[in-house]
Each structure stands twice: as structure tokens, then as C-alpha cells.
Amino acid sequence: MAMGANKKPAENVKLDRQDPEKVKARLLAKYPPKVARKRAKQIVINKVEPDGKVPVINSNVRTVPGLMGQRGCCYAGCKGVVLGPTRDIINITHGPIGCGYYSWLTRRNQTDPDSTADGHNFMTYCFSTDMQDEEIIFGGEKKLKQAIQEAYDNFKPKAIAVFSTCPVGLIGDDVHAVCREMKAKLGINVFGFSCEGYKGVSQSAGHHIANNGIFKHVVGLDDTIKDGKYRINLLGEYNIGGDAFEIERLFERCGITLVSSYSGNSSIDAFANSHTADLNLIMCHRSINYVAEMMETKFGVPWVKVNFIGAAATAKSLRKIAQYFDEKELTERVEAVIAEEMPAVEAACAEVRPRTEGKRAMLFVGGSRAHHYQELFAELGMKTLSAGYEFGHRDDYEGRKVLPDIKVDADSRNIEELEITPDPERYNPRISDAQKVALEAKGLQFSAYDGMMPEMPEGTMVIDDLSQYETDQLIRIFKPDIFCAGIKEKYTVQKHGIPLKQLHSYDYGGPYAGFKGAVNFYREIDRMVSSRVWQYMRAPWQEHPELSATYAWE
Amino acid sequence: MLLRHTSTEIKERSALTVNPAKTCQPIGAMYAALGVHGCLPHSHGSQGCYAYHRSALTRHFKEPVVAATSAFTEGASVFGGQANLVQAIDNIFSVYNPDVIAVHTTCLSETIGDDVPQIFAKAMADGKVPDGKFLFHANTPSYVGSHVTGFASTTKAMVDYFAESNGRKAKTINLIPGYVEPSDMAEIRRIAESMGIATIMFPDTSKVLNGPLTGKYKMFPEGGVTIDELKKSGSSTGTIALGRIASMPAARALDAKCKVPCEILGLPIGLHGTDAFVDTLRRMAGVSVPDGLNLERGQLVDSISDWHQYLYGKRVAIVGDPDQVLALTRFLVSLDMRPVHIVTGSPAGKKYIKSLQAAVAEVPEAVNIKVPGDMYLFHQWIKNDPVDLIIGNTYAKYIAKDEDIPLVRHGFPIYDRLGHSYFSTMGYRGGLRLMEKLLDAILDCKDRDADDITMELVM
């Protein structure tokens with residue numbers, strides 16, 4: 001249960017010398033009563049019971065109009081986040097020009113086109129039907145068909161995907177019929193996503209729609225079992241700033257074979273073949289858990305949650321893989337790699353820690369990053385005072401154990417749940433139930449994510465879908481040493497004289513994953529919290545306005 | 001290669017836009033609204049729209065860009081957005097307390113046919129608009145025109161909602177600066193004020209989107225045209241609209257509504273563009289041009305003569321917004337440079353194309369012009385017929401790098417360099433700065449390519 005603002009426990013836990021309940025009351029004070037009631041359920045003072053239970057946090061619910069939050073739309077989650085990083089699909093945005101334009105190269109997903117034989121890379125391009133008013137009136141299917149034809153004629157891609165924007169759903173274009181027709185005509189894979197911006201309550205709906213689409217149209221098309229030991233997929237890692245490259249480097253060192261990556265540095269060919277892997281690793285639980293679940297049901301590939309953000313978390317995640325495959329060769333290799341990589345990380349951490357120790361951070365970003373990055377701050381000796389997701393669900397906060405308790409509201413019900421059954425020929429449980437139980441007894445959890453809140457201290461503030469007003473208040477009240485969010489929040493926070501680290505785009509830096517990434521992050525946070533610029537805001541004459549003497553001409 | 005699939009073979013396309021040189025109306029509406037003092041722009045659509053627009057504007061200006069959204073869900077898209085907008089208006093005034101909310105529509109709310117004035121009436125009837133606070137709106141469907149259209153419509157809406165004639169003519173001159181940088185708006189005003197002219201400029205994003213770091217965040221910074229000034233614009237002596245595409249609709253509306261005569265000019269880029277602006281100001285206000293401006297003009301002419309040899313005959317490809325592209329083209333031609341590939345992403349009409357053709361009439365070779373076109377075609381033209389220099393926004397750097405051609409960034413968006421919001425490219429001083437940028441690009445390239453024998457110390 002969420003604690004009401006006026007229901008005061010006998011003795012409050014202090015948060016950075018503040019009473020979090022009072023802070024919460026202050027955040028809500030200015031809101032109209034209905035808004036305050038709603039937001040009260042999304043602002044929670046954390047408390048972890050001995051059995052790991054945490055308070056309920058209302059999340060994945062509609063944003064209050066006019067409050068100014070961080071969220072984007074369904075299209076952004078589908079095209080921008082999940083499908084955007086795949087280099088060899090031509091992604092056509094079906095709609096007016098803006099949506100395609102804003103999602104053109106802005107997410108910093110790096111890719112290496114030379115790692116696939118054909119070298120295709122369409123990520124530097126933006127494709128749009130640039131819908132005009134005549135299509136709004138008479139329908140856009142004809143133009144879409146022609147656009148797919150022109151994309152094929154000009155570029156000869158392996159696959160074309162179509163993404164619907166708001167007006168497409170409203171005027172009723174049958175994007176999927178157009179795709180089927182063009183697929184038959186061109187002989188390449190053509191598929192569509194009904195990811196209109198108004199669907200769901202945030203990007204999250206788009207992630208789900210993207211997962212469904214890839215699963216339906218691509219996964220399982222290529223059954224070739226390629227060479228390599230310890231064959232895994234990495235899910236929910238988007239290679240922002242080269243994160244996936246660093247993780248790939250570690251896999252390679254450990255002798256782990258990466259079959260596919262969803263979807264950083266990815267190719268559609270790898271998606272088609274991904275069901276042949278023996279284990280799915282989930283980084284960003286929110287955006288990709290659907291594919292993992294469906295792959296397990298249909299093909300028998302189990303999944304485990306990993307986190308390569310933070311050196312300790314990286315080591316732990318590599319050990320999980322070794323534990324799963326349970327072979328001496330891999331276990332030794334993983335331990336050797338960790339032993340070789342850690343000294344440089346520890347040295348870098350020790351070097352910056354005197355300047356970061358005890359500093360206070362706030363993180364409001366994404367559906368997993370606000371959780372994962374607390375690891376790196378902890379390694380720097382920094383405290384997280386408050387954190388929250390932009391588009392997370394209760395399971396991302398409280399853990400998947402609450403899944404049965406989550407009520408499906410109208411906004412979520414509109415997002416299709418695919419009916420998945422075991423594939424009659426290809427379903428192949430990678431490990432037996434007995435093996436699973438044995439591994440679980442050793443501490444390897446399958447299909448499990450404990451969420452962010454159980455790992456946060458009591459009294460910290462967990463806030464879902466943070467508004468601009470609340471951001472402003474938190475900064476005035478706590479004056480944190482660093483605030484983590486995205487580009488829209490960056491300068492509103494920095495105008496207060498407090499550095500903001502972008503955890504979507506990394507402020508054009510990175511990688512921050514893995515061991516090398518941890519070192520980069522330590523140095524970056526050291527730079528940001530130690531920068532001299534924050535002392536320059538007052539001019540000498542503002543510090544000492546008095547005049548001690550006057551210059552005068554004799 | 002960054003754009004490895006761009007071929008030299010140009011195939012006619014009628015449906016697929018590749019690498020657009022324009023974006024959608026609402027972002028222009030948001031930018032214009034930020035040029036009103038104490039104004040919170042509001043996007044009447046799903047929250048993706050405002051998230052994208054705020055992100056794009058923030059990346060360009062490196063400044064806070066505040067705006068709100070009606071946050072449409074599927075239900076609102078079916079039943080209409082009235083409840084969302086009324087609730088948003090209530091929340092915005094309760095929590096953020098702006099002087100004015102500027103609502104712009106999106107493809108979503110336009111397609112379902114939401115009637116914004118009717119929703120405003122409802123909000124006022126429900127008591128959601130406190131005394132002394134204002135609302136205004138512009139219809140900015142994303143499937144018509146471009147970001148420039150959205151800017152133009154929102155600027156016009158300022159006139160439609162607020163301008164009034166009090167029957168007496170004031171000495172003020174209205175300046176409508178067009179979809180230009182905050183630095184440009186400040187420079188346009190400085191030129192007029194240096195002539196002793198009192199001005200009302202709208203919109204005015206200077207000091208809003210190039211504000212200082214003081215440690216105190218102000219959601220509504222000190223810049224921007226006030227509602228009071230907008231009201232008074234109906235009593236000014238005249239209006240000078242800079243940029244026909246971005247500024248003419250507002251100027252014409254003011255003429256029709258309050259009988260304020262207007263002059264529609266090109267953007268004051270380069271010598272002749274600025275001459276036209278200064279001369280119009282002089283005649284409209286009945287003042288003489290001060291020595292200071294004559295000095296600035298003379299310095300620009302002097303520099304053109306000093307550096308002409310490096311500019312003469314250089315072939316340039318230009319991509320951008322119509323008003324900028326036309327003014328830049330005229331400036332380049334005046335420097336004896338040769339704009340040979342010209343693309344605007346925004347549609348701009350037949351009259352515009354004629355002006356552009358007239359501007360390049362004396363270029364001694366064939367000139368490719370596409371209005372509207374995209375950057376894929378632009379790149380194909382460059383591949384087929386390489387140039388010495390590219391002028392365009394940040395996206396053009398992918399072409400510049402692939403083709404190894406120097407790039408001068410100009411227009412919107414510029415995501416990757418400092419300067420545009422602080423240093424104007426308008427007026428005589430701006431002309432000098434633009435020339436400096438052109439020369440730096442050309443001469444850096446010349447130095448880089450010079451061999452050990454022909455390297456020049458003095459240029």
C-alpha cells in the first residue's frame with residue numbers, strides 16, 4: 001500500500017536529513033486535488049520488508065495532461081527503441097514527416113555494418129511516406145504501396161518494415177494488408193507495426209508491439225544451428241554509445257557465442273535465427289521481456305535477467321552464464337576474464353572515489369536504467385536519494401512476483417497479447433525441469449526479475465513518471481550532486497547549477513557497460529561532479545557588491 | 001561510408017521521402033510560442049509529439065524547452081480531446097502559472113477534428129482560465145506544409161488573437177523576424193534600434209533560448225514579446241516581415257485586421273538582403289541611417305573585396321528552409337560564388353521557385369533546383385556533380401564526410417556545434433560572420449590539401 005501524505009508513521013526514516021513524507025507532501029501540495037490523489041500513488045517512500053516485499057507503486061498509468069513529464073509515445077518505443085537499432089531493415093514511417101524525422105539517428109545506437117556479409121546499413125537514412133492532406137482524406141494505402149516499391153527499387157533491401165503513426169490508425173489504413181501484398185510481390189520480408197502514438201500510455205506499449213511483430217514475422221525463419229559453444233541471445237541491449245560492443249568483447253573473451261542481439265548492433269538475419277540459442281539474457285526487462293517469454297513458450301529457450309551496468313554486476317552476470325552452462329571450461333574462462341579485467345576497474349574507481357564518495361544522485365529514466373545505474377553510483381560511493389522510471393510497470397519496480405496482482409486496464413488491454421503455444425516440431429526445452437530446480441537451488445533464478453525497489457534503501461523516494469514540477473521541487477529540496485534523466489530535462493536541471501547526466505544518450509559519450517564502460521562512467525561522473533563551472537555563476541561584483549573606493553580624475 | 005546506399009542513379013520517386021529536409025508543423029509552432037513572454041506552448045496530441053519537439057529544440061539550443069501536452073490515449077482519440085485539453089489548461093495554470101498558453105494542434109487532433117476555440121470556450125466557462133491569463137491557438141496539422149508553416153501560423157495567431165488598433169498610430173515598427181535564431185532576432189532588433197526606431201518584434205526568442213546560467217532556473221525567462229506589445233502591434237506605423245514563407249501570413253493578417261501596412265522582404269542575410277532591410281526601415285520610420293550602420297556596411301564590402309579571390313567561382317550546394325535558402329543564394333551570387341544544387345524540404349510555391357530562379361539567373365552554369373525535395377536527391381546531385389562547399393543543417397555532415405566536402409552549418413537543426421544561437425548571420429555583421437565561416441571552411445580545406453611546396457603562409 002502507498003502511504004498517504006498525511007498518514008505519519010511514529011518515527012520517520014530520514015532521507016538526506018529530510019523527512020521523506022514531508023517532501024512527498026510538498027511535491028503534492030500545489031496540485032489540484034484529483035491530480036494530487038493520483039500522483040500520491042505514484043510517489044512512494046521505499047520500505048523493504050524482511051520477506052522482500054515493497055510498497056505498491058502505481059505505474060504504467062496515464063500521464064496527467066498538462067503536467068509535463070518525460071514520456072514519449074508508442075511509435076517512439078516501437079520504431080525508435082526496439083526496431084531502430086537494426087541496420088539492415090528499411091524502416092518506413094507511414095505518416096506525416098515529423099515522426100520519422102525526430103527518430104532519425106537521434107538515439108545513438110551504434111552499429112557495425114561490416115559484421116554482416118552484405119554490409120547493409122540503413123540506420124543513417126530516414127524513410128517516410130510524408131503523408132499529405134489528400135492521403136488523410138482519401139487514405140494512404142496507395143502511397144504506402146508505392147513507397148515500399150520505391151524503397152525496393154532504390155535500395156534492394158532484405159526486409160522492409162512499416163511503422164504507423166497516429167493518423168494512420170485514425171483513417172483506417174490497413175498497413176498489414178499492404179505489407180502482405182508487397183511481400184508477395186517483391187519476394188522479400190515486408191511487415192508492419194500498428195504502433196500509433198496514442199496507443200498505451202507511454203513508449204512501453206510500443207516495445208510490446210515491436211516484440212510481437214518481430215516474433216510473428218521474423219523469429220524462427222532460419223533454423224540453421226551455427227557453430228559455437230555457449231550460444232546465447234542478448235536481449236534489451238541497444239548499443240547506445242557502443243555498450244553492446246563492450247559486452248560482445250567480453251563474450252568473445254569468455255568464449256560465449258552471441259547468436260543475436262535485440263537489438264543493438266543487430267541484423268534481421270540474426271533475429272530469424274535467434275530461437276536456436278540456448279539461453280536468453282535480458283538486460284532491459286521492460287522493453288524486451290515479451291520476446292523472451294514467447295521464445296521460451298514456443299521454442300523452449302529459458303531466460304535469465306542480467307545487468308552489465310557496473311563492474312560487479314558485469315562479473316555477476318558473466319558468472320550467471322557460466323552457472324547455467326555448468327561446464328568447467330567456461331567457468332574457468334569467465335573467472336580468468338574477470339580477474340584480468342577487474343584490476344584496471346578497481347584502480348580507476350580508487351582514483352576517482354575520493355571526489356565522489358558520499359555524493360548524492362537521483363535517477364529518473366527509462367524502464368531499467370534508473371535501476372541499473374544505481375550499481376555504478378554505488379561503486380563510486382554515491383547514494384541514490386530518489387529514482388523512478390519513465391515508462392516502467394509495477395514488475396520493474398516491485399519485481400515479477402507482483403505480475404499476478406497487476407490489474408490490466410483499458411490502455412494495456414488494447415495492446416495485443418499473442419497466443420503462443422509450443423512449436424510442434426521445434427519446441428526443445430534446453431534444460432530439464434530437474435536441471436532447472438538444481439540450478440535454482442544454487443541461486444540461479446530463471447524468468448525472474450526482482451525489480452528496483454527491493455535493492456533501494458528504506459526511506460528513499462521512488463517516483464513514477466516524474467513531472468517537471470516535481471523535478472524542480474526535488475532539486476530545490478535536496479540539491480543533489482547529480483541528476484540523471486534525458487535531453488528534455490538536461491538544461492532545466494543544469495540551470496539550477498546541478499549537473500545532469502543523460503542516461504538515454506549518455507551525453508554523446510560511453511560506452512558505460514561492462515568493465516571498460518564502468519571506467520568510462522567513473523571518469524565521467526568525476527568530471528561532472530568536480531567541474532569548476534558550477535562555481536562560476538556569480539560574478540565578483542555579485543559576491544562583493546560594496547565599493548571600497550572610487551576612482552576619480554584629479 | 002555513412003550513406004553507403006546512395007547511388008548516382010536518380011530514379012523518380014513520388015511516394016517515398018528519403019532523408020527529409022523538413023520536419024512537421026508543430027515544432028515550428030512550439031518554437032514561435034517560446035518567443036512570447038511567459039508563454040507555455042501546449043501540444044494538443046499524443047505525448048510523443050511534444051517529447052520529440054522538446055527534444056529536437058533542446059538538442060539545437062542546449063537550453064530548457066518547456067511545453068505541455070494533452071497526452072492523448074486511444075480513448076481520447078476516439079471520443080475527442082476536449083476533456084484532456086480542459087484538464088491540461090487547469091493543471092498548467094494551477095502548477096506552472098504561465099501568463100499565456102499557446103495551443104497548437106497535431107496530425108492526431110486535426111484528423112479527429114477537435115475544435116480548439118470551442119474547447120477554449122468550455123475551459124473559460126468552467127473557470128479554468130484565471131483572470132489576466134490568456135489562451136491562443138494555431139491549427140498546425142503535420143500533414144500540411146512543414147515546420148516553417150507551423151511557425152508562420154503560430155506567428156499569425158498572435159495577430160489574430162491579440163493585435164488591436166486603438167485608432168491612433170504609434171511610431172513603433174513591427175518586426176516579424178521569421179524562423180531564425182535567437183541571435184538573429186536580437187541582431188534584427190539592434191539594427192532597428194541603432195536607427196532610433198522603437199520596435200515590437202514577434203516572436204522574439206532571444207534571452208529565452210540563449211539564456212544565462214545563474215544557478216536560478218526560471219521557467220519563464222525574461223525574453224519574449226509580451227501580450228501587451230502584441231496588442232499594441234495593431235497601432236504601429238508599419239510592419240516589416242522578414243522571409244515571405246515564415247512571416248508574410250502574420251504581416252498580411254495585421255494589415256487586414258488593423259490596417260497596419262506591411263513590407264515583405266527576404267531575410268537580411270548578406271549585403272543586399274541587409275540593404276533592403278535597412279532601407280525599408282529608413283523609409284518606413286522616416287529616419288536616416290546612422291554612421292554606425294554605414295561603417296558596418298563598409299566593413300562588409302571591404303572584406304568582400306579583400307577575400308573575393310577565394311570565393312569567386314566556388315560551387316556550392318545549399319539545402320535548408322525556403323527563406324534561408326533564398327537569402328543565402330542571393331548572398332552567394334553577390335560574392336560571385338555559384339550555388340549549383342539547391343533544395344528546400346518545405347514546399348514554398350511557384351512564386352518562390354521563380355524568385356530562386358531569378359536569384360541564380362546570372363550563375364554561369366546550369367543550376368539544379370528542387371522545391372520541395374529531400375536530402376537523398378541533394379546527395380545524389382552532389383555525387384553526380386561535386387561541389388566545393390555544402391551549406392546545410394547538421395544532417396548534411398553525413399554527406400559532407402562521405403564526399404569529403406567542407407560543410408558550413410546553417411539553419412535548423414544544428415545539433416553539434418556552438419554558436420548559432422549566440423552569433424547572428426543576419427545584418428552586415430552577420431554577413432561578415434557568415435563570410436568568415438565560408439572562408440574558414442574553404443581555406444581549411446585548401447591548407448589541408450596543399451602539398452609541402454605550395455603551402456601558403458599568407459592568404
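Author: Two strands are said to pair if DSSP finds at least two bridges between them. Strands (E, at least two residues) and helices (H or I, at least four) are DSSP runs, numbered from the N terminus. The model is predicted: local features need pLDDT of at least 70, side-chain atom pairs count only at pLDDT 80 or more, and totals for chains, interfaces and linings use all residues. Residues are numbered from 1 along each chain as its sequence is written, while chains are lettered from A and ligands numbered from 1 in the order in which they are written.

The two chains are linked by strands: strand 3 (residues 127–128) of chain A and strand 1 of chain B run antiparallel and are joined by two bridges. Within this pairing, A:Phe127 stands opposite B:Val18. The pair belongs to an open sheet of five strands with mixed pairing, in the order 5(A)-4(A)-2(A)-3(A)-1(B). Strand 5 (189–193) of chain A and strand 1 of chain B stand at the edges with a single partner strand each, so one side of each is left without a neighbour in the sheet.

The wider contact (C-beta atoms, placed from the backbone, within 7 Å) involves 62 residues of chain B and 67 residues of chain A. On the chain B side, the elements that give two or more residues are strand 1 (17–18), helix 2 (47–61), strand 3 (68–69), helix 3 (74–79), helix 4 (82–95) and helix 5 (107–112). That side divides into 29 nonpolar, 23 polar and 10 charged residues. Here Ala, Val, Leu, Ile, Met, Phe, Trp, Tyr, Cys and Pro count as nonpolar, Asp, Glu, Lys and Arg as charged, and the others, Gly among them, as polar.

Chain B itself is assigned domain 1 (25–154), domain 2 (173–292) and domain 3 (301–449), with bounds that come from an automatic or database domain assignment. The centres of domain 1 and domain 2 of chain B, taken over C-alpha atoms, are separated by 24 Å. Their contact takes 21 residues from domain 1 of chain B and 20 residues from domain 2 of chain B. On the domain 1 side, helix 1 (25–33) and helix 7 (147–162) of chain B are the elements that give two or more residues. Helix 7 of chain B gives the most, with four residues. The residues of this domain 1 side divide into 14 nonpolar, five polar and two charged.

How values were computed:
Contact = placed C-beta atoms within 7 Å.
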